[in-house]
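The stops below are meant to be taken in order.

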Amino acid sequence: MLRIPGMPLLPGTLFRDVAKTHHPRPQSLMNFHGLSMLNDRQQPPPADSSGMAVDISCPPVGAASIYPPRSGPRMPPWLAYDKKVLCFRGYFKQTLQEVYHAPYLVRKVKIYYYLEDGTIEIFEPRVDNSGIVQGSLVHRQRVPKAPPCDNEFMSLIDLNVDMTVQIFDRQYHITDCDQFTRHFLNKRGITVPDPVQSPCDPTETMRNREKTQTHSSTPKCHPFAQFLKYDRQILKFQGYWDDRTEFGDVRKLELCYYLADDTIEVKEAHVRNSGRDGPTVFLKRNRLAREFDGLPLPGQTTPQTLLNVLGTNMRNVRYCVDPLNTGNKEILYYSDRDLQIGSVINVYGRAVVITELDPYTQQYYRDRYGIHDFTPLPIPTRSDDCVEINSSDRQLPPFNGWGSYEDSVGNCISVEPKPPKTDFKKFIKFDRYVLRFGAKMLSTIKANCERIFVISFYLSDDTLQIQEIAVRNSGFLGGQFLRRTRLELPGQERFSCKEPQYYMPWNFFIGSTLMLTDFIFHVVSADEYTLMFMEHHPEQYHRANVPLIMDKVRTALQDRMVEFVGNCVPDCTDLEKKEDVFISYESFKGALVAIMGNAISDHEVITLCRHFSAEKAPPNACKRAEVQAAAHLEIKRSLWNAREDLMEHFHHINPMNQPFMPEHKVRSALRGCRLPFTLELIDNIISILNRNECDDLEVCDLMNFIDVSCGKGCNMVPVNLAFELCPKMPFLNLGRLVNFACFLRHLKLPLNLPTAGE
């Protein structure tokens, strides 16, 4: 029979296939998507090659069933309700005989009803420290109803909220169900009441009441957990014990409280010359009891109490353990809340008073107990206490002249003298820092006045050394005139108790007169390094402090400004309108000395001339091509290829992508990204990069400079990058020509000079 798809099953819509000769028996079962089911649909015939292809294994979607509605075979329950379970929550009461305040125990359970086979399972959730066996109370099975209907099994309609069911002689009261169970029963037409509150469990109420009635407000902590939390955390207290016995005194103590196990250790701080020596442990680390009534007798304290129940003598005696532990006394120990400033601690009969806390202990009490007042208490003193001797206040005997003063002090302080301690930090900071001055000797002998000396002052240990420069046909060989040593300032008492004062670096300046080992020297010059070092540290060297020198000159020239300008510039008309006026060092010095006299030294004049110098250092002698070739040679030699990392670092420190960056940031980036450049080569590269008006370096120029891919191969031979690449010669002509107009602008004094018309 051929059926037109989409037409109803009525006469006239079926046609017989006259060409069909094979009539097999149709199969009533089929396997669809792994499930065995009844084949109630006809298989459509395969379409021809010109039509649509048909999959014979899949039933047609639009084919109607051959059975009328609600009359065909249904899916089996084990398939329709697979993995669908109804869950009810309930409880049952268990009678208790041994608990006085709890006549019953409320045990909460979950009742599972499996829809596929009608079985029931009852499960009790586990409760910690309940003392009863929990878990599955009724294994999954079909449960019979209570008599007289015990020949039937419990079904879905026997379980509902606020209903009491009897399962195996135990009454279960259902109080609630889950959301799936409520929707499932409502769709089947079964009304589900609202949840019912479970009754209170008397045993749980009694247990909570016992917890609130405990003596300690802080929750109990497991010893090992307390050890892991507070290991190596110690509270330190300062205190004293006032021993009022005949030969007692006030003894300073240090109390240590270990939070890991609540133990206390007391140490004693011995005072010098107190007569006490040896171990400082005042109390061994242990838990300290609050009350002390004396040492117990042997056998007086036992962990268990025995009762004599039979017999009066040693024979026929029977003992039993006292379950109530009669006569046992609870021992209370000191805790951290008992230790505060002013608290008196009973250390086995000795009253120890706490006077002070260390910073960590103060922070602990501030966070734990909210205490903010930690004012220390004074320690009482007694008339016969040993007073500590401060070695700095000791009056030493006068120096006898043997050795140095420091050696004599070491002999007086201790029986076993020790070498004087040197300032190691100062040595590390100023090692190889030497200030050199040129000097001449002042003497009544004419030959001595022509001798030339070099005074070298070593900043690492404040020692000085004098070398004489040999002059041909002078009669003096030259060489070492004074070995390196410390020299005392003249005019001090030789044999005195006071520590002598020594020459310091600020005592040396151009124009000073010094007496060194009974010889008088006049400082006439200094090298370029010494002048620059003194100018860079004006707070120590006042002769090189430009603001102080300008204040001194401004005070001296307050009323003699016209005379000073006339001595420096004879033709001083229209001086205020000129931007640059240059004068020589000799003219500037002569004008200042003529007015100020000895109030200004030669070193101060030289400092002003160097500061307002009109001479400029020669331009940099570095060639860009040579420096770039040297940089490319170093990059290729070390196989450096982190150019992208350097660019990423520039983006990190310059998020706004500014084209120019400060010099110190570029220098830090070159050294941080580990480019294979020495410090001298980095200085040469920075000196030839493009700059803006703010003296910042161009980042793009730097990246193109070190890019070895866009440049030609370097034909440069290896050279000494420190000296041969860019020779740096010191500029020694600074200060020979003075910018007098700039000096007057910084002086800020009215000139009151005549104009050209006057």
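This tour visits sheets, a salt bridge and helix pairs in a predicted model.

**Stop 1: a sheet with a helix on it**

Next, select β18, residues 350–357. Strand β18 runs antiparallel to β17, and 4 bridges join the two. Show Ile 345 and look across to β18. Which residue is its bridge partner there? The partner is Val 352.

**Stop 2: a salt bridge**

Select Asp 117 and Arg 140 and show their side chains. The two form a salt bridge, with the closest N and O atoms 3.3 Å apart. Where does each residue sit? Asp 117 is in the loop between β6 (104–114) and β7 (119–124), while Arg 140 belongs to strand β8, residues 135–141. The pair links distant parts of the chain, 23 residues apart. Across the whole structure, a search finds 29 salt bridges.

**Stop 3**

Walk through the pairs:

- Select β20 (residues 452–458) and β21 (residues 463–469): they run antiparallel, joined by 7 bridges. Phe 457 has Leu 464 as its bridge partner in β21.
- Select β19 and β24: 6 bridges join these antiparallel strands. Show Phe 437, whose bridge partner in β24 is Ala 526.
- Select β23 and β24: the strands run antiparallel, with 4 bridges between them. Thr 513 stands opposite His 522 in β24.

Stay on the last pair and zoom in on the turn. β23 and β24 form a hairpin with 2 residues between them. Thr 517, in that turn, has a positive phi of about 50°.

**Stop 3: helices α10 and α12**

Select residues 546–556 for α10 and residues 585–596 for α12. Their axes come within 10 Å and cross at roughly 60°. That angle makes α10 oblique to α12. The crossing is left-handed. Show side chains at the contact: Lys 552, Val 553 and Ala 556 come from α10, and Leu 592, Ile 595 and Met 596 from α12. By class, this contact has 5 nonpolar, no polar and 1 charged residues.

**Stop 4: helices α11 and α19**

Select residues 561–568 and residues 740–747, which are α11 and α19. The axes come within 12 Å, crossing at roughly 165°. Angles over 145 degrees count as roughly antiparallel, and α11 and α19 are therefore roughly antiparallel to each other. Their crossing is right-handed. On α11, show Met 561, Phe 564, Val 565 and Cys 568; on α19, show Phe 740, Phe 743, Leu 744 and Leu 747. These residues make the contact. What classes are present? The contact of α11 with α19 has 8 nonpolar, no polar and no charged residues.

**Stop 5: helices α16 and α17**

Finish with residues 663–672 (α16) and residues 679–688 (α17). The two helices pack at an angle of about 140°, with their axes 11 Å apart. That makes α16 oblique to α17. The crossing is right-handed. Show Glu 663, Arg 667, Leu 670 and Arg 671 in α16, which meet Leu 679, Ile 682, Asp 683 and Ile 686 in α17. Color these residues by class: the contact divides into 4 nonpolar, no polar and 4 charged.

Definitions and conventions. Residues numbered from 1 in each chain as written. Predicted model: local features only at pLDDT ≥ 70, side-chain atom pairs only at ≥ 80, totals over all residues. Heavy atoms only, no water. Axes fitted to C-alpha atoms, helices over the stretch in contact; angles between N-to-C directions. Parallel < 35°, antiparallel > 145°, perpendicular 65-115°, else oblique. Left-handed = near helix turned anticlockwise from the far one by under 90°. Contact = heavy atoms within 4.5 Å. Nonpolar A, V, L, I, M, F, W, Y, C, P; charged D, E, K, R; others polar. Pairing = 2+ DSSP bridges. Salt bridge = Lys/Arg side-chain N within 4 Å of Asp/Glu carboxyl O.
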